[in-house]
Amino acid sequence: MSVNQILMAVMAAGAALGGFDRLRGNKWGLGDKFETGFMLLGSMALSMAGMICLTPVLAQWLGYVIVPLYRFIGVDPAMFGSMLAIDMGGYQLSKELAADPLLGSYAGLVVSAIFGCTLVFTIPVGMGMISKADRPFFAQGIMLGLAAMPVGLAAGGLLCGLSLLDCLHQNLPVFVLSLLLLLGLRKIPEQMVKGFCLLAEGIRWLVTAGLVLAAVESMTGWNPVPGMAPVAEAMATVSSIGVVLLGSLPTAELIRRLLVRPFAWLGERLGLKPQSLTGMLMGLVSPMPTLSMYESMDGRGKVMAGAFLVSGASVLAAHMAFVVSVEPQMLGPLMAAKLCGALAAVALAFFACKKMPAAA
């Protein structure tokens, strides 16, 4: 039995446990997770379906500029798709633009799940959710997470079958943009917050427009933007992710419970509040609980949590579910990339923040 088959069996067991607990009144707290996995279908469809439908058109338009530019520097055009999150069109755009199918999978699944997710989701949502007083800690954490990101990208690339030199070369545009982000967050943080909010709003408009056009075409056969993918195809992708979430969320909850005590013990040894390491643990499922706990963390923990989210966000839930639904063989590279990047980021942040006072 392969590793992917074992993981799918674990997800299936999680779905069975969650469904059973739902029938018996959520006595184990897993039934709610089972329900949440299904309820996420609506929000996922709103954020994903429109972009999936628009991807063939965007790839055609971008091909006139992006493809020649990327080929000029010797980088596969697929890497442009990694600027979007894995579940917000990054995968589909990477595959459409790819000259090499392997690099299309690497860019759309591994790099999009780390850099794309940070760029279009974690930073704008985080800057909007946390208090103004906590933004410097969060920004410092994001900078350290981006600095450690090459560790994760290299780990994922090596497991995909790429050489280390290929990983570094293909990620050149990502590294350049990361450097610009680092400088912006350090020099003009307020303007960067506004810029990220505008970026998130622009993507929301684009996704909504794509969904409306695809729905109109489905119902009437008319679409002023020919070449879009059918909305039924996009919804099939969303549904397949939702099925995996039925099992991954209960499984992630069980893993979280198993790790709570070890994480609390580790927090004491590192001089961190329990909320800091718990927040990172929750980040493996979703960045939202981590961001909501920011106010209760100590300063060192806030920086470390921000660094952790760059690579570690959503690895046990949405991102794992997405990969399993489209290319199960890429699950190993994805998890290795995200976990290696997250651990490297936390280690870097810990040593960078040694002079900060320990938690009381």
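Hi everyone, let me start with a definition: buried means under 20% relative accessible area, exposed means over 50%, and partly exposed is in between, with a 1.4 Å probe and protein chains only. The areas themselves come from the Shrake-Rupley method with a 1.4 Å probe, and for residues only the protein chains shown count as cover.

What you see is a predicted model, where local features need pLDDT of at least 70, side-chain atom pairs count only at pLDDT 80 or more, and totals for chains, interfaces and linings use all residues. Residues are numbered from 1 along each chain as its sequence is written, and side-chain values use heavy atoms, with hydrogens and water left out.

Let's begin with charges. Side chains of opposite charge can pair when their charged atoms come close. I call it a salt bridge when a side-chain nitrogen of Lys or Arg is within 4 Å of a carboxyl oxygen of Asp or Glu, and by this rule the count comes to seven.

One of them joins Asp-21 and Arg-24, with the closest N and O atoms 3.6 Å apart. Asp-21 is buried, at a relative accessible area of 0%, while Arg-24 is partly exposed at 28%.

Next, Lys-95 and Glu-327 meet in a salt bridge at 3.4 Å, N to O. Lys-95 sits in helix α4 and Glu-327 in the loop between α14 and α15, so this pair ties together parts that are 232 residues apart in sequence. A word on those labels: helices (H or I, at least four residues) and strands (E, at least two) are DSSP runs, numbered from the N terminus. Lys-95 is partly exposed at 31%, and Glu-327 counts as buried at 9%.

Then there is Asp-134 with Lys-302, at 2.6 Å, N to O. This pair also links distant parts of the chain, 168 residues apart: Asp-134 is in the loop between α5 and α6, and Lys-302 is in helix α13. Both residues are buried. Finally, Glu-253, Arg-256 and Arg-257 are linked in a network of salt bridges.

Now for the pocket. On a 1 Å grid over the protein atoms alone, a pocket is an open set of points where a 1.4 Å probe fits, with protein on both sides within 12 Å along at least five of seven lines, and lining residues have an atom within 4 Å of a point. Grid points are joined across faces, edges and corners, and the volume is the space filled by probe spheres set on the points. The largest pocket holds about 950 Å³ of space. Its lining has 39 residues, and Leu-40, Ser-43, Asp-87, Phe-121 and Met-288 lie nearest its centre. Helices giving at least two lining residues each include α2, α4, α5 and α10.

Phe-72, Ile-73, Leu-172, Val-176, Leu-179, Leu-180 and Leu-183 make a nonpolar patch of about 690 Å². Patches are made of residues with over 30% relative accessible area and no salt bridge, joining like charges within 9 Å and nonpolar side chains (Val, Leu, Ile, Met, Phe, Trp, Tyr) within 5 Å. Helix α8 brings the largest share, five residues. Leu-179, found in that helix, is partly exposed at 49%.

Last, some backbone. Which residues other than glycine have a positive phi? Among them are Asn-26, near 60 degrees, and Ser-314, near 65 degrees. Asn-26 lies in the loop between α1 and α2, and Ser-314 in the loop between α13 and α14. Asn-26 is partly exposed at 22%, whereas Ser-314 is buried at 8%.
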